[in-house]
Amino acid sequence: MPTPSLAALPIRRLTLRDLTACADLSEDRGWPREEHKWGFLLTAGKGYGIDDPDGGLVAACVVTEYGARERPDLGAIGMVLVAERHARRGVGRRLMRHIVTAMGTTPLTLHATPYGRPLYEELGFKVTGRAEMLRGHFVPGGPEPRVATRAATAEDLPAIIRLDEEVFGADRTPLITRLPAFADQFRVAEDGGRITGYTAAWPNMETQVVGPLIARDTETAKALVTSLAAHTARPLRTDIDVRHEELRAWAKERGLASVADNSVMTYGITDLPGDWTRRFAPLTVAAG
């Protein structure tokens, strides 16, 4: 029987049963397999994919929705991948058009690489910001942080969720409540018994990714990153909003180097909701 054309292959929802196929697709495009992250995103979000008649996936992506289940306030698109053998044949465009249509009036956001940005612009996404990916072994130094930090506890979760919604601009309870199991570290900053920031470090291949990083101010963000670094021997990786120039400069002084630069894009809104001054880094660029 003849092989169906790519345009005739159906787009379907992905589940955790597709985890290995998603990781294989990442590897096919030269990305790390990132099975830990794929599992988290397929559980907390909605995966979409196209099956290859010859086995595996032609393409895949994940949408993570925030806010009320019936009327989400925001949808974050990530992990948009097309198998190398099917690249440059309109598959990514078709999958993205399907997502935009399926999400209806829900505002959308994504982090775009320079390679992917032209496609997203063609679909109507606008650049509204930029994030710099930094990576390296953290080198302690400089003045000791004056902000108190500690490991988060189960009792902290309600306060963390309230702070996160205030700063992010939408309810992310399904993601935040999964953080203790997903991350190697989950820490908070305190002032007078009140939580003023929080962060996590989760395993991604040989690194620990710092995110989310929510903090009252830059000093609090520095204290949280320093506390994470003190409890791991792995290199750190994080994606810092470029408007936080002081934190980026400090991180580079502490041994993290710039490795990539991604555009933050939105569809249906002119800017992301919430308070960017306290939002230093996303949980992951795939989920905002």
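**Helix contacts and spaces**

Reply: Leu-19, Cys-22, Ala-23 and Ser-26 in α1 meet Glu-35, Trp-38, Gly-39 and Leu-42 in α2. By class, this contact of α1 with α2 has 5 nonpolar, 2 polar and 1 charged residues. Keep in mind that the model is predicted.

Me: At what angle do α1 and α2 pack?

Reply: Helix α1, residues 19-28, and helix α2, residues 35-44, pack at about 130°. Their axes are 10 Å apart. That angle makes α1 oblique to α2.

Me: And is the crossing of α1 and α2 left-handed or right-handed?

Reply: The crossing of α1 and α2 is right-handed.

Me: Now α8 and α9. At roughly what angle do their axes cross?

Reply: The axes of α8 and α9 cross at roughly 30° and come within 10 Å. The two helices α8 and α9 are therefore roughly parallel to each other. Their crossing is right-handed.

Me: Which residues make that contact?

Reply: On the α8 side they are Thr-218, Glu-219, Ala-221, Lys-222, Val-225 and Thr-226. On the α9 side they are Glu-246, Leu-247 and Trp-250. The residues of the contact of α8 with α9 divide into 4 nonpolar, 2 polar and 3 charged.

Me: Change of topic: empty space. How does one find it?

Reply: A probe the size of a water molecule is rolled over the atoms, and this shows where empty space is left.

Me: How many cavities of 30 Å³ or more are there?

Reply: The count comes to 2 cavities of 30 Å³ or more.

Me: What lines the largest cavity?

Reply: Its lining has 27 residues, and those nearest the centre of the cavity are His-111, Asp-241, Val-264, Leu-272 and Arg-279. Strands β4, β5, β6, β10, β11 and β13 each supply at least two residues of this lining. The largest share, 4 residues, comes from β6.

Me: How does the lining of the largest cavity split by class?

Reply: The lining of the largest cavity has 15 nonpolar, 5 polar and 7 charged residues.

Me: And which residues line the second largest cavity?

Reply: The second largest cavity is lined by Val-210, Leu-213, Val-225, Thr-238, Ile-240, Leu-247, Trp-250, Ala-251 and Leu-256. Val-225, Leu-247 and Trp-250 also take part in the contact of α8 with α9. Each of β10, β11 and α9 supplies at least two residues of the lining of the second largest cavity, and α9 gives the largest share, 3 residues.

Me: Right, pockets next. How much space lies in the largest pocket?

Reply: About 1,000 Å³ of space lies in the largest pocket. It is lined by 38 residues, of which Trp-31, Val-80, Thr-113, Tyr-115 and Tyr-120 are the closest to its centre. The elements that give two or more residues to this lining are β4, α3, β5, α4 and β12.

Me: What about the second largest pocket?

Reply: The second largest pocket has about 420 Å³ of space. Of the 22 residues that line it, Gly-141, Pro-143, Pro-145, Thr-226 and Trp-250 lie nearest its centre. Helix α8, residues 218-229, supplies the largest share of this lining, 5 residues. The lining of the second largest pocket has 11 nonpolar, 5 polar and 6 charged residues.

Me: Then is the bond from Gly-211 to Pro-212 cis or trans?

Reply: The peptide bond from Gly-211 to Pro-212 is cis, with omega near 0°. Pro-212 is found in strand β10.

Me: And is phi of Arg-88 positive or negative?

Reply: Phi of Arg-88 is positive, near 60°, and this residue is not a glycine. Arg-88 has its place in the loop between β4 and α3.

Definitions and conventions
Residues numbered from 1 in each chain as written. Predicted model: local features only at pLDDT ≥ 70, side-chain atom pairs only at ≥ 80, totals over all residues. Heavy atoms only, no water. 1 Å grid on protein atoms, 1.4 Å probe; cavity = no way out; pocket = protein on both sides within 12 Å on 5 of 7 lines; lining within 4 Å. Points joined across faces, edges and corners; volume = space filled by probe spheres on them. Nonpolar A, V, L, I, M, F, W, Y, C, P; charged D, E, K, R; others polar. Axes fitted to C-alpha atoms, helices over the stretch in contact; angles between N-to-C directions. Parallel < 35°, antiparallel > 145°, perpendicular 65-115°, else oblique. Left-handed = near helix turned anticlockwise from the far one by under 90°. Contact = heavy atoms within 4.5 Å.
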